[in-house]
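Trainee: I would like a close look at a single part of this model, followed by how its surroundings are put together. Please give the cut-offs as you go.

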Amino acid sequence: MSRSIRTRPGGSGQALSEAYDTALLDLDGVVYAGGEAIVHAVESLATARAGGMHLAYVTNNALRTPDTVAAHLTELGIPTDAGDVITSAQAVARLISEQVPQGARVLVIGGEGLRVALRERGLVPVESADDDPVAVAQGYGGPDFPWGRFGEASYAIARGVPWFASNTDLTIPSGRGIAPGNGAAVEVVRIATGAEPQVAGKPLPPMHRETILRTGAERPLVVGDRLDTDIEGAFNGGVDSLLVLTGVTDGAQLLAAPPQHRPTYVDADLRGMLTGQPEVTAADGDGGFRCGGWTAAADGGVLTLDGSGAALDGLRALCAAAWTAAGDGVCTGDGAKALARLGL
């Protein structure tokens, strides 16, 4: 499916919570960080829900079950049913179930979330390569995951058993900083076997399909903090996205985003769901772009910014200048001074 190249952030005359029927929200870096709610998240989600927007939580983390995630969100003051939590464990379990017989044994290299998802699809989790599995399912197993589990995966894969991974995120945020994620663990098995897994999680289509099947969303808005999972996943699914700046993405990464990583909208945090989004327009005569009180341009390999006003408007104008200059590539213009002026 061909898509037009986005060259500037979009605008909306309506609050996003009114323009879209369902918010597909990432968790880490969007709703909470280190287990604690991000500022403005609880009240913003409550307001969106009260206005009729369906809230669903979509995570690549396959360790926790939907019940556990829902309980955590509810404790934070965000009342959530388990049915509104979609995990990469569920997506990979469906992917496996479509390729193996009902009741088949699957070697689990991961945590309880993966086991529960496999049972939901009528499959039987097993623990050893000697249990005659017909597939290997690998998901994040937590910081204390035993090294020997990677050996079990390798033994089965070497015998020709097909390998599936919930996701390949190389890192995962924790309360102490950034830690190795399931993608790092997948690399261990890849090095040992030379094999390649079928992957289900964001940004790939199986995860988006799982999300739409479970939510019934007709006009969804993906809300995330990562360009390479949340925003690319929305791009691959052909739906709109909102990038919030409460997680891992900074201004420089946003300006350098290739087409598949360019969000529809950009805002500081989840309060952006409750408002319209300003238009970014072409400036008269000089090839630049205007948003609010700011005008940005790409000039001789440097991104320039003039004006004053809200920092986010300046960032949106800079995105338009950088993305237009890059076309279907990556902007190499130096935007450091412009971003510093915005405090970003």
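Which residues of helix α5 (residues 112-120) are buried?

Mentor: This is a predicted model, in which local features need pLDDT of at least 70 and side-chain atom pairs count only at pLDDT 80 or more, while totals for chains, interfaces and linings use all residues. Residues are numbered from 1 along each chain as its sequence is written, and side-chain values use heavy atoms, with hydrogens and water left out.

In α5, the buried residues are Gly113, Leu114, Arg115, Ala117 and Leu118. Buried means under 20% relative accessible area, exposed over 50%, and partly exposed in between, with a 1.4 Å probe and protein chains only. Helices (H or I, at least four residues) and strands (E, at least two) are DSSP runs, numbered from the N terminus. An α-helix has 3.6 residues a turn, so residues three or four places apart point the same way.

The packing partners of these buried α5 residues are α4 (88-97), β6 (105-109), β7 (124-126) and β8 (135-138), where contact means heavy atoms within 4.5 Å. Directly after the helix, Gly122 has a positive phi of about 80°.

Together with β6 and β7, α5 makes a right-handed β-α-β unit; right-handed means that, with the strands pointing away from the viewer, the path from the first strand over the helix to the second runs clockwise. Strands β6 and β7 run parallel and are joined by three bridges (two strands pair if DSSP finds at least two bridges between them). Val106 has Pro125 of β7 as its bridge partner. β6 also pairs with β8, again in the parallel sense, over four bridges, and there Val106 stands opposite Ala135. Four of the five residues of β6 are buried, so this strand is largely enclosed by the rest of the structure.

Strand β1 also has two parallel partners: four bridges link it to β4, and four link it to β13.

Leu25 leads on to the largest nonpolar core. This core has 29 residues, of which Leu25, Val31, Leu270 and Met273 touch the most other members. A nonpolar core is a set of buried Ala, Val, Leu, Ile, Met, Phe, Trp, Tyr and Cys residues joined through side-chain atoms within 4.5 Å. Elements giving two or more residues to it include β1 (22-25), β4 (54-59) and β13 (220-224). Leaving out residues up to four places away in sequence, Leu270 touches Leu25, Val30, Val31, Ala41, Ser44, Leu45, Val223 and Val244. Apart from this core lies another of 28 residues, among them Leu227 and Phe289.

Lastly, the structure holds three aromatic pairs. Rings of Phe, Tyr and Trp (its six-membered ring) pair if their centres lie within 6.5 Å; planes under 30 degrees apart count as stacked, over 60 as edge-to-face and the rest as tilted. Tyr20 and Tyr265 have ring centres 6.3 Å apart and planes at 75°, so this pair is edge-to-face. Tyr20 lies in the loop between α1 and β1 and Tyr265 in strand β15 (residues 265-267), so the pair ties together parts 245 residues apart in sequence. Both Tyr20 and Tyr265 are buried.
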